[in-house]
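Hi there,

Here is the structure I promised to pass on. Have a look at it first, and my notes follow below.

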Amino acid sequence: MKSWISAFLVMCLSAGLVAAEPTSSAPLRAGAATSNITPELGAKIIGGFVPFPATGVHDELHARCLVLDDGKTRLALVVCDLLGLHRSVSIEARRLIEESTGIPPAQVMISGTHTHSATSALGDSRYVSEQPLDAYQQFLARRIADGVRRAVNALRPAQVGFVTAEAPEHVFNRRWVMKEGTAPVNPFGKVDKVKMNPPGGSPNLVEPAGPTDPTVSILALREPEGRLISVFAAYSLHYVGGVGNGEISADYYGMFCSALARLNGAKEDESLPFVPILANGTSGDINNVNFRTPRPSSPPYAQMRKVAEDVAGKVQAALAGVEWKDRADLQARFRELELSWRVLSPETLAWAKEKLPNADVPSVKADLPRSMPGGCNSSARRKIPHASPCRCSGSETSASGPFPARRLRRQGWSSKSAARSSTHSWWS
């Protein structure tokens, strides 16, 4: 049986030092818009161990859309306030975008921020490559397409620039090397050397098991010698969290956009509003928890607001150093990535076959990994004994222009609990 990850989207901006000088005689044009993608109450919020129904909306979810046009090539970049989205949603949204704007699917990049307080756009069959869209997925695909169409309608002459900012104080690696023999026994009865999300302040912490990326990459568009059209930033921070009970929220990504808009005096009633966009970079195991020196607890939304406003302030300061250009050559490339799953060992399969039939028994349930997709009550756990070598697919959209190389991506779940791709992280 073939299993597939949801959607894996990558957008690269190629290095300006090696990119050719712009050859198009047409000036660059840019347009930006947002679409509200907030679901109805009662939909299941995912991102925790067990999905639960949404009972309120703290802040609306959006698909934030940017379209670039150099006179020869037109690109659309979309960032959605979602934990992730299924490949089928991306395919349908791209179809609708091409139908309404003429932009080919290969020239559209759609990603999710990975907020843990949005409802699911993964559907009921997230472990297969193709599935019929549910009602929310259909709504989402249409709203994405509408946002891109509105961004196309807002195209106007633009200047472009690229700059970076540094925000190291908010990013921490969540995987720690522990003192020998101090890590808890894992669900498979073995002791690991590295613990994800270890006890904060523990004397048994040795060092983080990997690096962080403190750089905020910033692509800025403005009207010639005028006001900003959009700022597309990418920061490698998993998410912040700390939401109210049962509430939908875009997390710090949405708060960043609001803060940057305020810093630039944006008004909600403008016919062509300034559209800030914050994408999740290669965050992997980078979160906002300082395990060496834990911070005190804070009220809901306080920490994400603190991070959002600080990062927005750093981006705003960096914009003062942008060197603006009137033209840029745009190119696009699209491909589906084939990735192999890690194969389960016979011992792991035997363990799963023993445990899973009694997974609801408290003593057995305690042995199961809580970080399995959908929580330990997910039907996904029951698929472990049937794991077999398979392939998974994602997609890559690359756009080259006069910008230093940066990479952002939205990583996706692999389909089997212990069988994960070597290039993908388990979100928790």
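A residue is called buried here when its relative accessible area is under 20%. Please keep in mind that this is a predicted model.

With that cut-off, helix α3 is mostly covered, as 10 of its 13 residues are buried. They are Asp251, Tyr252, Tyr253, Gly254, Met255, Phe256, Cys257, Ala259, Leu260 and Ala261. The cover over these buried residues includes the strands β6 (62-69), β17 (228-235) and β19 (275-280), along with helix α4 (302-319). The length of α3 (residues 251-263) also agrees with expectation: at 1.5 Å a residue it should span 18 Å, and its end C-alpha atoms are 19 Å apart. Just after α3, Gly265 has a positive phi of about 65°.

How many disulfides does a search of the whole structure find? The search gives 0. For Cys65, the closest cysteine sulfur is in Cys80, and at 7.2 Å it is too far for a bond, because a disulfide needs the two sulfur atoms within 2.5 Å. Cys65 is buried, with a relative accessible area of 0%, and Cys257 is buried too, at 5%.

Finally, the helix pair. The axes of α1 (residues 87-101) and α2 (residues 135-153) come within 8 Å and cross at roughly 35°, and the crossing is right-handed. Among the residues making the contact are Val89, Leu96 and Ile97 of α1, and Leu140, Ile144 and Val148 of α2. By class, the contact has 10 nonpolar, 3 polar and 3 charged residues.

Best wishes

Note on methods: Residues numbered from 1 in each chain as written. Predicted model: local features only at pLDDT ≥ 70, side-chain atom pairs only at ≥ 80, totals over all residues. Heavy atoms only, no water. Axes fitted to C-alpha atoms, helices over the stretch in contact; angles between N-to-C directions. Helix = DSSP H or I, 4+ residues; strand = E, 2+ residues; numbered from the N terminus. Left-handed = near helix turned anticlockwise from the far one by under 90°. Contact = heavy atoms within 4.5 Å. Nonpolar A, V, L, I, M, F, W, Y, C, P; charged D, E, K, R; others polar. Buried < 20%, exposed > 50% of the residue type's maximum accessible area, 1.4 Å probe, protein only. Expected span 1.5 Å × (residues − 1).
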